[in-house]
Amino acid sequence: MSLDYNIDFIRDKKKKTNIKKAISLLERGYYTGKEVTSFFLDPFEKNVIENIANKNNMDIKFIGANENVERKIFVVNNYDYEIDQSNYIRVLTIDNDSLKHRDVLGALISKGIDREDIGDIVVGEKIEFVVLEKDAAFIKYNITKIKNVGVNIEFKKDNKLSNKVYDYEEFTNFVSSLRIDNIISTILHLSRNNAKNLIKKRLVKVDFVTVDDPSKDIDEKSLISIRGYGRFVFDEIIGNSKKGNYHIRYKKVI
């Protein structure tokens with residue numbers, strides 16, 4: 001009996017390719033009954049894989065160093081009551097508050113670590129990040145400088161990632177429709193054509209999925225990521241104007 005699933009609804013080719021890779025690992029566990037682990041999945045990918053596993057009555061667990069992280073790996077066919085996450089992923093720390101998320105990510109990738117093998121990165125008074133256990137020692141002993149800054153990477157003793165603390169700047173405005181190009185035009189103060197160009201260049205994601213259709217309507221609570229501009233949350237529709245425009249509230253992640 002083969003694994004039962006359908007991913008025809010996924011239009012984003014890159015996303016679909018990544019999910020197919022994850023499904024191939026899921027299938028290995030399904031056919032062999034042995035424990036299998038994955039690379040890191042974003043929330044959309046996790047939801048797809050979790051639905052497939054549940055549909056096929058597979059035992060699956062997701063771990064990422066705390067419950068609130070965005071990126072998690074899956075473990076199938078592990079029947080322990082509680083998983084020892086240090087067998088699969090490790091949290092590393094850097095005692096530096098001047099580096100940014102992109103600096104750490106760039107340093108990891110430059111050392112040959114795949115993006116799919118890197119979990120969440122938390123930047124604060126210290127930097128914390130999650131990687132697969134197989135890469136942790138290599139990273140600790142081979143990354144000694146990031147952006148010309150000397151760094152000392154250590155294992156975090158409790159192997160738990162600190163929660164990200166988000167700050168938001170809140171705005172309200174009126175829009176004539178909930179189309180993604182219209183929303184982006186409003187939140188970035190761009191012309192409608194320039195907003196469409198960002199979408200057509202595949203620089204926009206909604207809830208972690210690349211959007212290439214400017215006419216797509218956006219739901220409340222959607223997370224909108226725009227490369228080069230940051231992240232925004234389309235929070236809610238407050239009401240309607242006399243002319244029928246939507247009065248919306250949105251937030252910029254800062």
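1. The model is predicted; local features need pLDDT of at least 70, side-chain atom pairs count only at pLDDT 80 or more, and totals for chains, interfaces and linings use all residues. Numbering starts from 1 along each chain as its sequence is written, and side-chain values use heavy atoms, without hydrogens and water.

2. Helix α4 spans residues 133-142, and its buried residues are Asp135, Ala136, Ile139 and Lys140. (Buried is under 20% relative accessible area, exposed over 50%, partly exposed in between, with a 1.4 Å probe and protein chains only. Helices are DSSP runs of H or I, at least four residues; strands are runs of E, at least two; both are numbered from the N terminus.)

3. Seen down the axis of α4, the buried residues fall within an arc of 135°, so they line one face. The arc uses directions from the helix axis to the C-beta atoms. Lys134 and Tyr141 are exposed on the other side.

4. The buried residues of α4 pack against β4 (89-94), α3 (101-110), β6 (127-132) and β9 (153-155). Contact here means heavy atoms within 4.5 Å.

5. There are four aromatic pairs. (Rings of Phe, Tyr and Trp, its six-membered ring, pair with centres within 6.5 Å; planes under 30 degrees apart are stacked, over 60 edge-to-face, the rest tilted.) One of them, Tyr30 and Tyr31, is edge-to-face, at 5.4 Å and 75°.

6. Phe62 and Phe74 have ring centres 6.4 Å apart and planes at 80°, so this pair is edge-to-face. Phe62 is in β2 (60-63) and Phe74 in β3 (73-76), so the pair ties together parts twelve residues apart in sequence. Both are buried.

7. Lys21 lies over the face of Phe39, 5.0 Å from the ring centre. (The rule: NZ of Lys or CZ of Arg within 6 Å of the ring centre and within 35 degrees of the ring normal.)
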